[in-house]
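Open the model in your viewer and keep the sequence beside it. Have the selection tool ready.

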Amino acid sequence: MQLSVWTYEGPPHVGAMRVATAMEGIHYLLHSPQGDTYADLLFTMIERRNKRPPVTYTTFQARDLGKDTSELFQTAALDVVERFAPDAMLVGASCTAELIQDDPAGLIEKMGLPIPVIPLELPSYQRKEHWGAAETFYQIVRTLSDKNRRPSDRHGRRPLVNLLGPTALGFRHRDDIIEISGLLGKMGIDVNVTAPLGACAADIAKLGEADFNIVLYPETGDLAADYLKREFGQPAVRTVPIGVGATKDFVREVAELAGVDPEPMLKEGLSRLSWWSRSIDSNYLTGKRVFIFGDGTHAVAAARVASEELGFKVVGLGCYNREYARDVRAAAKLYGVEPLITDDHLAVEKAIEDAQVELVLGTQMERHIAKRFGIGCAVISSPVHVQDFPARYSPHMGFEGANVIFDEWVHPLVMGLEEHLLTMFRDDFEFNDHAGASHLGPGHSAPVKEEVPAAPANDTEAVWSEDAQRELKKIPFFVRGKAKRNTETFASEQGVATIELATLYEAKAHYAR
C-alpha cells in the first residue's frame, strides 16, 4: 500500500457504490467506521446527481470496537429494509472494516431477510475500484437474472440486445448510452436492458431474453458478459465504438450478429471528424505529439483515433488499471512507444515532461499536469471532476461522439497556437502588452504594469537578460521548457552567469550538433 495525495482508483467498495448508485431499487449496506462515509460527495457534488446515493453505513466508532459490532451491522440491515424497502440489498465492508473481520456475508445470511441479499467479497488491499464495480455487477447478474428466460422466436420481431457496463461516475456514460441506443434503433435493433445504469431488479431478471450483449465498458461489463455467455449462450460484441473507425467496426459486428444490413448506417455519414481532420482548417495539426493516459479501454481507443483519424503522433500511451495492461501493451507496440502501466501520477508527470508533447489526453490528474507545463489537454477517461459531467449532450461514443472528440481534442491545440502567435508578435504595435483592445479602436491603451525581473531562486540559478527572455518567449510554448533547460545547462557548463541573447543561440547550435 502506498500513501499518496492522489489516486486514480478508490478501493473496490467505491466500485460497488458506483454500481448501486447507477441502479434503481438496489441498496448497499456498507459496514464501515465513521470517516468512510463520503459517497454523498462523490455522487452529488462531482456527478451532480439530484438524489442521495442508496448507501447506508453502519458507522461504528472507536468506542464500539470493544463490544460486538456485528449487532450494529444487523440493526442497520433491518433499518434499511424497513426504511427504504429495496428490491435487493448489497452488503459488504469498507477497507477499514475489513480489518475487524465481522463477516457481513455470514451475518446477513442468518437474518432471513424478505428480499434478495447479495454479499460482496471485495478484498480492499489486493483490488481496486474498477474490479470492485465489475465484481459487484457480476454478482448482481448471477443472483438476480432469471435462468428460465430465453429469447423468443426471431421471426417477426426486431433483434434484442443488452448494453452492459455503464455506471454512476462513469466518463460520459449517460450520453454514450443515448447515442448508441439511437444508432441501434436506426439499424432496426431494440435494446432489451441497459445495465447497471438505470436498471432495476426486474430488468436484470430479463437479461436472458436478449439475442446478444454489447459490452460498452469492459472494465465493468466483461465479467457479467462472460457469465451470460456461459449461462444463456449469448455472444457479445466487444468493439468499443469510440471514433469513426471503431464505430464502423462496431456497426459491422453488431449487424452480423443481428442479421441486418450495416451499409445504410455506414453510408449515412453522421460524423464530421473524417472530413474536418483532412480539411485545410485542421491540416496544420498533423503530426502533433500526443501523450495518452487513462483506463485501458479509453486509452487504447483514444490512441487509435489520435493516430488514424486525426494524424497525431502518439509518443506516450499508458493506463492505471493493470487488469487491462495487456491491451495497452499491444497498442503501444503498434505505435512504437514504451507502455506506461502505473498508478503513480508522479511517474506519469515525468513521462509527459520527458516526451515533450504538444497535447495530453488523460484523466483529471493529467489535466492538472498539463496545466502546470502549459500544454493543451483534453479529458478522455475517469477519474474526472465536475466539469466533465456537462449539462449538454456530449457523448464520446458513436458518430456524434466522434464530432465531440474532434472539438475537445483539437481546440486546445488551436488555442495553444493562438497563444503562441500572440506571444511571438507581442512586440508588434497591435499586439504588445501596452496596446489597448482592438475593438476599442485607435487611441486606447492598456494600463502599464511595471515588470520587475524575477530574481534567481538561488546562487546557482542562471540569470536571464531581458533580450534573452524576450527571445525565449518567441519559442513555441510546447518546446519552450526544453529550450530553457538546455540553455541553462549549457550556460552552467560554460561558466556563464548571465544568459544573453548570444548564449541562447550558442546553446541552440550546441545541441543541434
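**Before you click**

This is a predicted model, in which local features need pLDDT of at least 70, side-chain atom pairs count only at pLDDT 80 or more, and totals for chains, interfaces and linings use all residues. Residues are numbered from 1 along each chain as its sequence is written, and side-chain values use heavy atoms, leaving out hydrogens and water.

**Stop 1: an open sheet**

Select β5, β6, β7 and β8. Helices (H or I, at least four residues) and strands (E, at least two) are DSSP runs, numbered from the N terminus. The 4 strands form an open sheet in the order β6-β5-β7-β8, with parallel pairing. Two strands pair if DSSP finds at least two bridges between them. Which strands are at the edges? They are β6 (190-195) and β8 (236-237), and each pairs on one side only.

Zoom in on β5 (residues 160-164) and β7 (residues 212-215). They run parallel and are joined by 4 bridges. Pick N162: its bridge partner in β7 is N213.

Contact means heavy atoms within 4.5 Å. Axes are lines fitted to C-alpha atoms, for helices over the stretch in contact, and angles run from 0 to 180 degrees between N-to-C directions. Helix α8 lies across β5, β7 and β8, at about 160 degrees to β7.

**Stop 2: around β12**

Select β12 (residues 359-362). L359 and L361 lie on one side, V360 and G362 on the other, and all are buried. Buried means under 20% relative accessible area, exposed over 50%, and partly exposed in between (1.4 Å probe, protein chains only). In a regular strand the side chains alternate between the two faces of the sheet.

Next, show β9 (residues 289-294), which pairs with β12 in the parallel sense over 3 bridges. I292 stands opposite L361. Then show β13 (residues 376-379), which pairs with β12 in the parallel sense over 4 bridges. Here G362 stands opposite V379. Follow the chain from β12 through helix α15 (residues 364-373) to β13: this β-α-β crossover is right-handed. That term applies if, with the strands pointing away from the viewer, the path from the first strand over the helix to the second runs clockwise.

**Stop 3: the cores**

Select I214, F250, I292, L317 and W409. Of the 56 residues in the largest nonpolar core, these touch the most other members. Such a core is a set of buried Ala, Val, Leu, Ile, Met, Phe, Trp, Tyr and Cys residues joined through side-chain atoms within 4.5 Å. A second, separate core has 46 residues, including L122, I140, F171 and L207.

**Stop 4: aromatic rings**

Show Y8 and Y320. Their rings are stacked, 5.1 Å centre to centre with 10 degrees between the planes. Rings of Phe, Tyr and Trp (its six-membered ring) pair if their centres lie within 6.5 Å; planes under 30 degrees apart count as stacked, over 60 as edge-to-face and the rest as tilted. Y8 is in the segment before α1 (12-22) and Y320 in the loop between β10 (313-319) and α13 (325-335), so the pair ties together parts 312 residues apart in sequence.
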